Amino acid sequence: MPVSHDTAVELVRDLLELQRVMKRVTKTDAGQRRLNPTAIALLYYLDSNGPRRATVMASDTGLGPSGLSRQLAVLEGEGHVERTPDPDDGRAALVAITERGREQVRRVLEEDAQRLAGRLENWDEEQARASRGAINEITTVFLDSLGVERTTSCRGPGTPRGAGPATAGRATPDHRQHEEDTER
């Protein structure tokens with residue numbers, strides 16, 4: 001049975017509310033971070049995907065060329081990314097995360113995970129895993145509908161880049177077991 005129009009409307013409202021609240025939580029919880037959430041997201045993207053041309057980054061992230069250029073200038077100035085010649089096209093450059101950028105990603109992910117755990121203090125592990133599964137499922141449906149694959153490590157352990165959007169990030173029993181094993 002397909003999703004009803006009323007349910008689709010409510011889901012859109014729920015997603016817009018989640019987006020609004022996440023922006024507030026991110027802003028509130030960011031503390032004394034030097035980098036804005038967009039810059040952090042770009043570092044996370046590069047850490048998950050490896051060096052990329054700016055044009056590919058713009059397409060994958062949805063940022064416009066001028067906005068991406070400004071963000072990359074800040075990240076390069078802070079020593080979080082570097083540009084290197086593209087070995088396939090000497091006229092183009094690749095943007096790559098530096099070790100300093102990787103450390104920034106690790107630090108932010110750890111800080112955010114601690115804050116999130118505090119906000120979810122009344123949840124148990126099953127509720128958190130179920131919510132993660134639902135978020136990944138709807139993300140996969142959206143990506144499939146766009147014909148786009150995941151651009152972050154949420155692809156799931158062992159899912160190679162280019163394996164296609166149809167299976168990327170789906171919570172299979174093997175993935176959950178691998179996640180549990182790597183968390184120990």
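Analyst: A residue is buried when its relative accessible area is under 20%, exposed when over 50%, and partly exposed in between (1.4 Å probe, protein chains only). The structure is a predicted model, in which local features need pLDDT of at least 70, side-chain atom pairs count only at pLDDT 80 or more, and totals for chains, interfaces and linings use all residues. Residues are numbered from 1 along each chain as its sequence is written, and side-chain values use heavy atoms, with hydrogens and water left out.

User: What makes H80 count as buried?

Analyst: The relative accessibility of H80 is 3%, and the limit for a buried residue is under 20%; H80 therefore counts as buried. H80 belongs to the loop between α4 and β1. Beyond its neighbours within four places in sequence, the contacts of H80 (heavy atoms within 4.5 Å) include L35, L43, L75, A96 and Q104.

User: How do you know that the length of α2 agrees with its number of residues?

Analyst: The expected span is 1.5 Å times one less than the number of residues. For the 13 residues of α2 that gives 18 Å, and the end C-alpha atoms are 18 Å apart, which agrees.

User: Which residues of α2 are buried, and what covers them?

Analyst: A39, I40, L42, L43, Y45, L46, S48 and N49 are the buried residues of α2. Their cover includes α3, α4 (65-77), β1 (81-86), β2 (89-97) and α5 (99-119).

User: Why are α2 and α3 called roughly perpendicular?

Analyst: Two packed helices are described by the angle between their axes and the distance between the axes. Axes are lines fitted to C-alpha atoms, for helices over the stretch in contact, and angles run from 0 to 180 degrees between N-to-C directions. Angles under 35 degrees count as roughly parallel, over 145 as roughly antiparallel, 65 to 115 as roughly perpendicular and the rest as oblique. The axes of α2 (residues 37-49) and α3 (residues 54-61) come within 12 Å and cross at roughly 110 degrees; the two helices are therefore roughly perpendicular. The contact joins L42, Y45 and L46 of α2 to V56, M57, D60 and T61 of α3.

User: What makes α2 and α4 roughly perpendicular?

Analyst: Their axes are 10 Å apart, at an angle of about 80 degrees, so α2 and α4 are roughly perpendicular to each other. T38, A39, L42 and L43 of α2 meet L68, Q71 and L75 of α4.

User: How do you know that α2 is roughly perpendicular to α5?

Analyst: The axes of α2 and α5 come within 9 Å and cross at roughly 115 degrees, and the perpendicular class extends from 65 to 115; α2 is therefore roughly perpendicular to α5. The contact is formed by I40, L43, Y44 and D47 of α2 with G101, R102, Q104, V105, V108 and L109 of α5.

Notes
Helix = DSSP H or I, 4+ residues; strand = E, 2+ residues; numbered from the N terminus.
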